Amino acid sequence: MALVLPPLKFKLKPICCSSSPATSHFQCRPAVILPGLGNNSGDYQRLQLTLKDYGVPTVVAEVSRFDWLRNAAGLVDPNYWRATLRPRPVLDWYFSRMNDAIQKAKEFTPGGWLARVYMEEFGSSDISLLLTLGTPHLPPPKGLPWVIDQTRGLLNYVEKQCSKAIYTPELKYVCIAGRYIQGARFFGNSNVDVDSTVAIDTDQPISEVATVDNKTISTATSTTFRARIVGQGYKQVCGQADVWGDGVVPEVSAHLEGALNISLDGVYHSPVGSDDALRPWYGSPAVVEKWIHHLLD
């Protein structure tokens, strides 16, 4: 997912961020939350409330899970089968939702790499910050066995056609990756550390994996198998299985050259299946504290 922030040029007077003592001296820009692939707007209601606690006015782009079926239109495009698919017109429906949300935010004020396409196609004059949370920015390397570009060339298009990220005061790029679990190769020996999730509070483990050393051998075996399964997902994204990531997107893919790149330990990818105490995701309150200052001016 991504947060797109228009600059401080909107009709409503900026809200003082007084709800958090650590940030009470900041002003806030409005934020637009862009749901990631497969997510709907409702998945981000709690994050919207968390941002409200910081005084950040927020709009979530209107997307339902069924809307993602619109992407099936790409199946009739020969470029899909050649893995040279382009974002438009297949994703025009999403760009329309993004534009509606940005305009709504401007009145009182997209996911991830789609926001970069929007900025390229429609301009970035209304945007002052692109903050991505667990977004895969890089296409998988070509020519590797058993690696299939699941975007069917869309990320190749983004990498070649979209402007490079340059972190400036006028337009800031901030890319945040999670280090929730290390993947492992499916076959052969693996160097994966089964203590693969790291707690935000070092006194409080965030998942069953973090305490695997205190459990039975069967649990450790199960955890290793989980790491191998996760690793296969990582491999489809970056070409490597035994790397760290947020359980869906590997760390290396969630960073973008030219951006301010940040990695957060113990952070899971999605609000779906997350738990603020046991499996925090990017929008969990304790994690938001680690990146909220980028939204505040």
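Which side chain meets that of Glu251 in a salt bridge?

Analyst: The side chains of Glu251 and Arg179 meet in a salt bridge, at 2.9 Å from N to O. Glu251 lies in the loop between strand E7 (244–245) and strand E8 (260–265), and Arg179 in strand E5 (residues 172–179), so the pair ties together parts that are 72 residues apart in sequence. Here a salt bridge is a side-chain nitrogen of Lys or Arg within 4 Å of a carboxyl oxygen of Asp or Glu; helices (H or I, at least four residues) and strands (E, at least two) are DSSP runs, numbered from the N terminus. This is a predicted model, in which local features need pLDDT of at least 70 and side-chain atom pairs count only at pLDDT 80 or more, while totals for chains, interfaces and linings use all residues. Residues are numbered from 1 along each chain as its sequence is written, and side-chain values use heavy atoms, with hydrogens and water left out.

Glu251 is buried at 18% relative accessibility, whereas Arg179 is partly exposed at 22%. Buried means under 20% relative accessible area, exposed over 50%, and partly exposed in between (1.4 Å probe, protein chains only).

By the rule given, the count comes to 8 salt bridges. Another of them joins Asp67 and Arg97, at 2.8 Å from N to O. Asp67 lies in the loop between strand E3 (58–60) and helix H2 (78–82) and Arg97 in helix H3 (residues 92–108), so this pair ties together parts that are 30 residues apart in sequence. Asp67 is buried, with a relative accessible area of 10%. Asp67 and Arg97 are also linked with Arg70 in a network of salt bridges.

A further salt bridge is formed by Asp276 with Arg46, whose closest N and O atoms are 2.4 Å apart. Asp276 is partly exposed, with a relative accessible area of 30%, and Arg46 is exposed at 58%.

His137 is placed between strand E4 (129–133) and helix H5 (154–161), and at 1% relative accessibility it counts as buried. Leaving aside neighbours within four places in sequence, His137 is in contact (heavy atoms within 4.5 Å) with residues including Arg116, Cys175, Ser253 and His255.
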